[in-house]
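Please describe the fold of this protein, with attention to its helices and to a few individual residues.

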Amino acid sequence: MHLHTQDNGSYRAEDMVELLEKTLPACDTPEDSVIVLLDSFAPHRTQEVGKLVKQKGHVLIIHGGGTTGYTQINETHLYPALRHELQVIEKAQATAEFCSHVKENSADAFFSKVPTKTRSDILWNLDLVWRTLQHQKIAETGYLQTGAELPLVGPIYKKDIA
């Protein structure tokens, strides 16, 4: 996992190139090549990004705009699972922190303590959740459910997308 943040909350083409340089391996044979699928966000469509992907021996495909919520598994399946598991962990940690605070202080102090997390705490939680998610299952199910292999005509059965 590679984490990169910006002060203003948005990233630029240079950030995308840096990410790909760090995370996309160079391939020696066509069999090692992968498809790099990016959405149509402007930093993804630069010549620098295209050139780097090609230099590393891979194929770049830009996903059409306006369809993210329907066909991109990260938005349709991965993010909801990630969010749910993070909430479970954060609730358990907050409960433990409250109980510890009450035990060390008085019962009246229960409502005076708000659980706080450092950036490091949040990143450790994110790393834990990321490692425990069933990525292969999420990808397979998400791919089926976004409809890429479903028939264009005729009935669609639940067994075809489960």
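Helices (H or I, at least four residues) and strands (E, at least two) are DSSP runs, numbered from the N terminus. By that assignment, α6 is followed by Gly-147, whose phi is positive, near 95°. This is a predicted model, in which local features need pLDDT of at least 70 and side-chain atom pairs count only at pLDDT 80 or more, while totals for chains, interfaces and linings use all residues. Residues are numbered from 1 along each chain as its sequence is written, and side-chain values use heavy atoms, with hydrogens and water left out.

**Overall**

The secondary structure comes to 6 helices and 2 strands, in the order α-β-α-β-α-α-α-α along the sequence. Of the 162 residues, 22% count as buried, where buried means under 20% relative accessible area, exposed over 50%, and partly exposed in between (1.4 Å probe, protein chains only). The protein exposes about 11,900 Å², and carbon and sulfur atoms supply 57% of this area; accessible areas come from the Shrake-Rupley method with a 1.4 Å probe, and for residues only the protein chains shown count as cover. A contact is taken as heavy atoms within 4.5 Å. Among contacts with a separation of 6 or more, 59% are between residues 24 or more positions apart.

**Helices**

Helix α4 covers residues 73–104. At 1.5 Å a residue, its 32 residues should span 46 Å, and the end C-alpha atoms are 45 Å apart, which agrees; the expected span is 1.5 Å times one less than the number of residues. A kink of about 35° lies at Tyr-79 in α4, shortly before the proline Pro-80. The bend at a residue is the angle between axes fitted to the seven residues ending there and the seven starting there.

The buried residues of α4 are Leu-78, Leu-82, Leu-86, Ile-89, Ala-94 and His-101. Their cover includes α5 (119–132) and α6.

In α6 (residues 135–145), the buried residues are Ile-138, Thr-141 and Gly-142. Seen down the axis of α6, these fall within an arc of 100°, so they line one face of the helix; the arc is that of the directions from the helix axis to the C-beta atoms. An α-helix has 3.6 residues a turn, so residues three or four places apart point the same way. Helix α4 is part of what covers the buried residues of α6.

Helix α1 (residues 13–23) buries Ala-13, Asp-15, Met-16, Val-17 and Leu-20. The cover over these residues includes β1 and α2.

**Individual residues**

| Residue | Relative accessible area | Class |
|---|---|---|
| His-44 | 6% | buried |
| Lys-117 | 33% | partly exposed |
| Lys-158 | 71% | exposed |

His-44 lies in the loop between β1 (35–39) and α2 (47–55). Its side chain makes a polar contact with the side chain of Asp-39 (2.8 Å). A polar contact is a pair of N or O atoms within 3.5 Å; within protein, one must be able to donate a hydrogen and the other to accept it, and residues adjacent in sequence count only if both atoms are side-chain atoms. Leaving aside neighbours within four places in sequence, His-44 is in contact with Tyr-11, Met-16, Leu-38, Asp-39, Val-49, Leu-60 and Ile-62. Of these, Met-16 is one of the buried residues of α1.

Lys-117 lies in the loop between α4 and α5. With neighbours within four places in sequence left aside, Lys-117 is in contact with Gln-93, Glu-97 and Ile-122. Lys-117 and Gln-93 are 24 residues apart in sequence and 9.7 Å apart in space, C-alpha to C-alpha.

Lys-158 lies in the segment after α6. Lys-158 and Gln-145 are 13 residues apart in sequence, and their C-alpha atoms are 9.7 Å apart in space.
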